[in-house]
Structures are given as structure tokens and as C-alpha cells.
Amino acid sequence: MKIIPEEVAKDVLNMKKAIATVRDAYWACSRGEMFQGDRIVQNLGTEKNIGQWLTAICTGQPYFGFKFSAVFPDNPKSGMPTDQSTISLFSNENGKQLALIGANYLTALKTGAAAGVATDLLARKDASRLGIVGTGVQAFTQALAMQEVRELTEVRLFDMSEERMDAFINRLEPVKNRDYVIVKCSSGNEAAEQSDIICTATPSKTPVLDANAIQSGTHLNAIGSFARNMQETASETAAKAAFIVTEHVDGLWASGTGDIMEPLEAGLISKEKVLGSVGDILTGKLAGRTDDDQITMYESVGSCVLDLAIAIAVYESGCCMQND
Ligand SMILES: NC(=O)c1ccc[n+]([C@@H]2O[C@H](COP(=O)([O-])OP(=O)(O)OC[C@H]3O[C@@H](n4cnc5c(N)ncnc54)[C@H](O)[C@@H]3O)[C@@H](O)[C@H]2O)c1
């Protein structure tokens, strides 16, 4: 088995390559060459610490695998990331474990790349102002992905921690791919109101912005909430959206994310509001945005197919450190 530690894995793929890898994985799914298996979500002895076991299988390539992701919301207090993830990659020819990959950064890279694919397909072509709520690990790769798929002129940020906003700006400034301005805002609404693309990337249990802060024509990536007791977007948001897409529709319903379940249970939307997957738009099965005034929404709860695709790209790069 090859061990690919975090420090090695994080330098293998850049965002452009990650976006291409996610796109290819959606095409592979549409051909039935990759599929998502079951998902287990389990509290790890306390309500707030959650473990997720996500599985995916290839038929077009000799792999299957799972990601274990532990979410410990208090970790940042001791300087550790909230999410602790590893990906186990196996041979689907003999079941042997091929690699164990440190996947904290890969998870963020994949989540950013997946939002990048969704945004490229759904945001208005002239979208140039990005609003980000939450400025942690995931938010950073959201910014990297958004700058790949649209010509940004402005990035508007809000986080409940001023310190985290400053750290985010210090990290983003040197890797900006064009000379856009970065503006600190005093609320989620202020970040959203003048944005064409909004990314929410927090573990919040209560909405981080109001539905009426989202202007006509906006594309929204809500990537933080993955369980029933988490909700980043106000319930009216889903109702205002022309439609909602996700990575994998069954996975979305299995997660029970509050972003969707709250408005569903309140009778504000029907199940059909979740139109399908990003892959359905990519492959032309669904139309996507049909009008510049529509609000489009990508609700992301994680997808092991995309994690597996990224892990395979890293494994096949030959960067491995150690063999058994
Ligand atoms: N969709 C996916 O595939 C996927 C993948 C990985 C992580 N996630 C989820 O994304 C969320 C963010 O993860 P992360 O790794 O970036 O965490 P993080 O701790 O690095 O960052 C979260 C940031 O959100 C801020 N925040 C929290 N509540 C807020 C609020 N109400 N308003 C404004 N800011 C607020 C925090 O101050 C922090 O800076 C988590 O819930 C995580 O589980 C989703």
C-alpha cells in the first residue's frame, strides 16, 4: 500500500486540473463508469463531532474507495482544521488496498473544483463579483475555483471572525489570477447584495444571509451544510431559486441538509425543486440557466465519486512515498 501524506498530496493537482478531473468524473458517472455507494453519518460520542464514511466505485477504472471525514467544529480553537479526512483507495480487481491518502486539502480542492464546475455551467457569463461567507479552509478553494471560471473584478468577504478574514486576504492576495479588489464586509447580506456569485462555506446552524440579499441573476454555491441540524441559507432562498442542483441527488436526500429540508418541511418548496445533478447539466440532460434573471443554486453535501476521482488523479501521478 502506498502512503500519500497530506503534504505530498496537496502539491499534486492545481485548481485548473482539479476542475477538469471533476468534469471528467461527472462524464464517467453519466456513462455508468463510476457510481456513489452508501453513506454513513455517525456522531462520534458527542452530538457535535461527526464522522462520515463515503463510498464510491469505478467500473471503467480498476478502483473503488472510501473517504472518512471527521468533523470536529472546535478544532480551530487549537489551530487544527475542522475536517480531518483520509481517502482509502482499493483495487477492484483483487480488493487490495492501494493507497491511504491524507485528504484534508484534497477535500477542499475537490469541493472548490466541484463548485467551479457548477458555477461555470450556471452563473451568468458576465458574472464578475463574488461574495463569500465564511473564510475558512473551504472558502479559500471556493475563491481559487471561482477565479478560474469567471473573470472576477471584486471579491466580497464576510466571516464572524475578523482575524480569519484578514488571514484569508493575506492568503488570497498572492495567488489572485487578476487584479480584483477584495472587500471586507460587516455581514453576510453585505457580502451577498452586490455579488453575481455567492459561496457560503460555514458550519452554521442558522442562516448566514437573508434570501432577499440575493439579487436576481445570482448563482449561489451553498457548500457548508451537510446535515439536518445545519442551515446556511434562509428557507426562502430555495424557494427563490429557479432550481437547485447538487453533486448526487440521492446523496443530498441522504444527508438531510437543513438548507433543503427546512424549506421542504415548511412547504416552501417541493422535492422537484431539486432538479438533478451538476452532471445532468454538464451532459445536456437538463437545460440549466435559461434566463439571466434566474437565481440558480448549487447545494453541495459532498460526493465520494468526486473525492475518488481526485484521489485517483493523485495516485496515478506517481507521487507516492512508500510501498508495502
Ligand atoms: N460540501 C462539501 O463537499 C464539503 C467538504 C468539506 C467541508 N464541508 C463543510 O463546509 C463547512 C466549512 O468547512 P471549513 O473546513 O471551511 O471550516 P472552517 O472552520 O475552516 O471555516 C468555517 C468558517 O466559517 C465561519 N463561520 C461560522 N459560522 C459563521 C456565520 N454564522 N457567519 C459567518 N461566518 C461563520 C468561521 O468563523 C470559520 O472561519 C463545514 O460545515 C464543513 O463540514 C463541505
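Which domains does the domain assignment of the protein chain give? In this predicted model, the assignment gives domain 1, made up of residues 2–106 together with 305–316, and domain 2, which spans residues 112–302. The centres of domain 1 and domain 2, taken over C-alpha atoms, are separated by 22 Å, and the contact between them takes 21 residues from domain 1 and 20 residues from domain 2. On the side of domain 1 that touches domain 2, the elements that give two or more residues are helix H2 (15–30), strand S2 (34–43), strand S3 (50–58) and helix H11 (304–316). Of these, H2 gives the most, with 11 residues. Sorted by class, this side of domain 1 has 14 nonpolar, 4 polar and 3 charged residues.

Asp 24 is found in helix H2 and, because 13 C-beta neighbours lie inside 10 Å, counts as partly exposed. Although Asp 24 and Leu 306 are 282 residues apart along the chain, their C-alpha atoms are separated by 9.5 Å. Glu 33 lies in the loop between H2 and S2, and this residue likewise counts as partly exposed, with 14 C-beta neighbours inside 10 Å. Leaving aside neighbours within four places in sequence, Glu 33 is in contact with Ala 28, Cys 58, Thr 59 and Gly 60.

When neighbours within four places in sequence are left aside, Ile 312 is in contact with Gln 61 and Tyr 63. Ile 312 and Phe 64 are 248 residues apart in sequence, yet 9.5 Å apart in space, C-alpha to C-alpha.

The largest nonpolar core has 96 residues, and those with the most contacts inside it are Val 22, Ile 101, Leu 106, Ile 132, Ala 311 and Val 314. Helix H3 gives the most to this core, with 11 residues. The core draws at least three residues from each of domain 1 and domain 2. The surroundings of Leu 106 illustrate its contacts: beyond the neighbours within four places in sequence, Leu 106 is in contact with Ala 9, Ile 87, Ile 101, Ile 310, Ala 311 and Val 314.

The buried residues of H5, which covers residues 162–172, are Met 165, Phe 168 and Leu 172. Seen down the axis of H5, these buried residues fall within an arc of 60°, so they line one face of the helix. On the other side of H5, Glu 162, Glu 163, Asn 170 and Arg 171 are exposed. The buried residues of H5 pack against helix H4 (137–149), strand S8 (154–158) and strand S9 (181–184).

A further position, Trp 253, lies in helix H8, which covers residues 249–255. Trp 253 counts as partly exposed because 16 C-beta neighbours lie inside 10 Å. Between Trp 253 and Phe 226, which are 27 residues apart in sequence, the distance in space is 9.9 Å, C-alpha to C-alpha.

Key:
Residues numbered from 1 in each chain as written. Predicted model: local features only at pLDDT ≥ 70, side-chain atom pairs only at ≥ 80, totals over all residues. Buried ≥ 20, exposed ≤ 12 C-beta atoms within 10 Å, placed from the backbone. Helix = DSSP H or I, 4+ residues; strand = E, 2+ residues; numbered from the N terminus. Arc of directions from axis to C-beta. Contact = placed C-beta atoms within 7 Å. Domains from an automatic or database assignment. Nonpolar A, V, L, I, M, F, W, Y, C, P; charged D, E, K, R; others polar. Core = buried A, V, L, I, M, F, W, Y, C linked by C-beta atoms within 7 Å.
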